Amino acid sequence: MKTLMKTAAVAALAMTTAILPAAVVSETPVEIKNADFAAIENGRLTGWSQGNKLTVVNGKEGDKSFMTVTAAEAVSWAAVGQTVLSVKDLPALKEGERYEFVLTFRQKTADIDKIALANISVMPEKGGRLKYADSSGLKGTIDWTNRNATLKLAALPEGAVSIRLNFFLNGTGSASFGDVKFTVKVVK
């Protein structure tokens, strides 16, 4: 009987530990230039880079603004992106802490034949991303839905210089993104 009670106590502790969320030490919203996609300069979204073969327009429904990315011809992972943070501006981690980079946004799609998604990338000075996290992708035609991507890191990778947000389209169709927010958490 004692063995059974000990086993139950250990199981209960394990379940409790597994479902407890990490303690948030700090939470800092990061400013995103032209996060509402309202500013356009020379036919391009101000503050955002834009992949080739993409048509990008801004729109508004009620008080909500957004951008729509369209590819009439198939594209391979074309993106609208922005470097939003230098790693020099991140708080230093203490023992037992980690970063959680959280991107939240709304998304809708129309006739996406492959996939449309958002991404958080840790970038070096030159070259491809060092670490990344994607939101789950959407395909087909789906009305506005709340979405997110979270990148958890116990330490920044060697050579990390910046954090970049990307909104990707792979294939053909249209994807709209709005209500973009990015937060850096330090959790224990």
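**Polar and charged side chains**

Gln 50 lies in strand β4, which covers residues 49–50. Strands (E, at least two residues) and helices (H or I, at least four residues) are DSSP runs, numbered from the N terminus. Before going further, please keep in mind that this is a predicted model, in which local features need pLDDT of at least 70 and side-chain atom pairs count only at pLDDT 80 or more, while totals for chains, interfaces and linings use all residues. Residues are numbered from 1 along each chain as its sequence is written, and side-chain values use heavy atoms, with hydrogens and water left out.

Gln 50 is buried, with a relative accessible area of 17%; here buried means under 20% relative accessible area, exposed means over 50%, and partly exposed is in between, with a 1.4 Å probe and protein chains only. A polar atom of the Gln 50 side chain lies 3.2 Å from the backbone oxygen of Leu 54. Leaving aside neighbours within four places in sequence, Gln 50 is in contact (heavy atoms within 4.5 Å) with Arg 44, Leu 45, Val 56, Ala 79 and Val 80.

Of its 188 residues, 43% count as buried. Among contacts between residues at least 6 apart in sequence, 76% join residues at least 24 apart.

Now to the charged side chains. Side chains of opposite charge can pair when their charged atoms come close. A salt bridge is counted when a side-chain nitrogen of Lys or Arg is within 4 Å of a carboxyl oxygen of Asp or Glu, and by this rule the count comes to four salt bridges.

One of them joins the side chains of Glu 61 and Lys 108, at 3.2 Å from N to O. Because Glu 61 lies in strand β5 (residues 55–61) and Lys 108 in strand β7 (residues 98–123), this pair ties together parts that are 47 residues apart in sequence. Glu 61 is partly exposed, with a relative accessible area of 37%, and Lys 108 is partly exposed too, with a value of 23%.

Another salt bridge pairs Glu 100 with Arg 98, where the closest N and O atoms are 2.7 Å apart. Glu 100 counts as buried at 10% relative accessibility, whereas Arg 98 is partly exposed, with a relative accessible area of 25%.

In a further salt bridge, the side chains of Arg 106 and Asp 179 meet at 2.8 Å, N to O. This pair links distant parts of the chain, with Arg 106 in strand β7 and Asp 179 in strand β10 (residues 162–187), 73 residues apart. Arg 106 is buried, with a relative accessible area of 12%, while Asp 179 counts as partly exposed at 22% relative accessibility. Salt bridges that share partners join Lys 64, Arg 106 and Asp 179 into one network.

Asp 143 has its place in strand β9 (residues 138–153) and counts as exposed, at 57% relative accessibility. Not counting residues up to four places away in sequence, Asp 143 touches Gln 107 and Lys 108, and this Lys 108 is the partner of Glu 61 in the salt bridge described above. Asp 143 and Ser 176 are 33 residues apart in sequence, and their C-alpha atoms are 9.6 Å apart in space.

Arg 147 also lies in strand β9, but this residue counts as buried, at 13% relative accessibility. A polar contact (a pair of N or O atoms within 3.5 Å; within protein, one must be able to donate a hydrogen and the other to accept it, and residues adjacent in sequence count only if both atoms are side-chain atoms) joins the side chains of Arg 147 and Gln 107 at 3.4 Å. The side chain of Arg 147 also reaches the backbone oxygen of Ser 136, at 2.2 Å. Among the residues that Arg 147 touches, not counting those up to four places away in sequence, are Leu 103, Thr 104, Phe 105 and Gly 137. The C-alpha atoms of Arg 147 and Leu 117, which are 30 residues apart along the chain, are separated by 9.2 Å.
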